[in-house]
Amino acid sequence: MPSGQRAAVVLWTDDTAAAYAALTADGAPALAAPHVWPDRLLIAWTADPDGNPIQLVQHLPAR
């Protein structure tokens, strides 16, 4: 049987930090706090109840 991450759900949001805070406050695992990647996106990682990774993503304004 294969192991490791086979897929992830990507959810686009207008406020990654707020979505991450709300999900983790409700008990979702905190896999990776919001961070800039690669200068134009703000991303964070959590997981669903089965442990499948969920990426929260937001476009950042052009610099």
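Student: What should I know about the numbering and the kind of model?

Tutor: Residues are numbered from 1 along each chain as its sequence is written. The model is predicted, so local features need pLDDT of at least 70 and side-chain atom pairs count only at pLDDT 80 or more, while totals for chains, interfaces and linings use all residues; side-chain values use heavy atoms, with hydrogens and water left out.

Student: How many helices and strands are in the chain, and in what order do the elements run?

Tutor: Helices (H or I, at least four residues) and strands (E, at least two) are DSSP runs, numbered from the N terminus. Here the chain has one helix and four strands, and from the N terminus the elements run β-α-β-β-β. The C-alpha trace spans about 45 × 25 × 15 Å along its principal axes.

Student: How do I read the order of strands in the sheet?

Tutor: Strands of a sheet pair through backbone hydrogen bonds, either parallel or antiparallel. Two strands are taken as paired if DSSP finds at least two bridges between them. In this model four strands make an open sheet with the order 1-4-3-2 and mixed pairing. Strand 1 (9–12) and strand 2 (32–37) are the edge strands, each pairing on one side only. From one strand to the next the twist averages 25 degrees; axes for such angles are lines fitted to C-alpha atoms, for helices over the stretch in contact, and the angles run from 0 to 180 degrees between N-to-C directions.

Student: What about strand 3 and strand 4?

Tutor: That pairing is antiparallel too, over seven bridges. The bridge partner of Thr 46 in strand 4 is Ile 54. The hairpin has five residues between the strands, and Gly 51 takes a positive phi near 90 degrees.

Student: How do I tell whether a residue is buried or exposed?

Tutor: Buried means under 20% relative accessible area, exposed over 50%, and partly exposed in between (1.4 Å probe, protein chains only). Of the 63 residues of the chain, 25% count as buried. Strand 3 is mostly covered, with six of its seven residues buried.

Student: Why does Ala 44 count as buried?

Tutor: Ala 44 lies in strand 3 and counts as buried because its relative accessible area is 0%. A contact means heavy atoms within 4.5 Å. Leaving aside neighbours within four places in sequence, Ala 44 is in contact with residues including Thr 16, Tyr 20, Ala 33 and Leu 56. Ala 44 and Thr 16 are 28 residues apart in sequence, yet 6.9 Å apart in space, C-alpha to C-alpha.

Student: Where does the side chain of Thr 46 reach?

Tutor: A polar contact is a pair of N or O atoms within 3.5 Å; within protein, one must be able to donate a hydrogen and the other to accept it, and residues adjacent in sequence count only if both atoms are side-chain atoms. The side chain of Thr 46 reaches the backbone oxygen of Pro 29 at 2.5 Å. Thr 46 is in strand 3 and counts as buried because its relative accessibility is 1%. Residues that Thr 46 touches, not counting those up to four places away in sequence, include Leu 23, Ala 28, Leu 31 and Pro 53.

Student: Is Gln 58 buried or exposed?

Tutor: Gln 58, found in strand 4 (residues 53–59), counts as buried because its relative accessibility is 13%. A polar atom of the Gln 58 side chain lies 2.7 Å from the backbone nitrogen of Thr 16. Beyond residues up to four places away in sequence, Gln 58 touches Trp 12, Asp 14, Arg 40 and Leu 42, among others.
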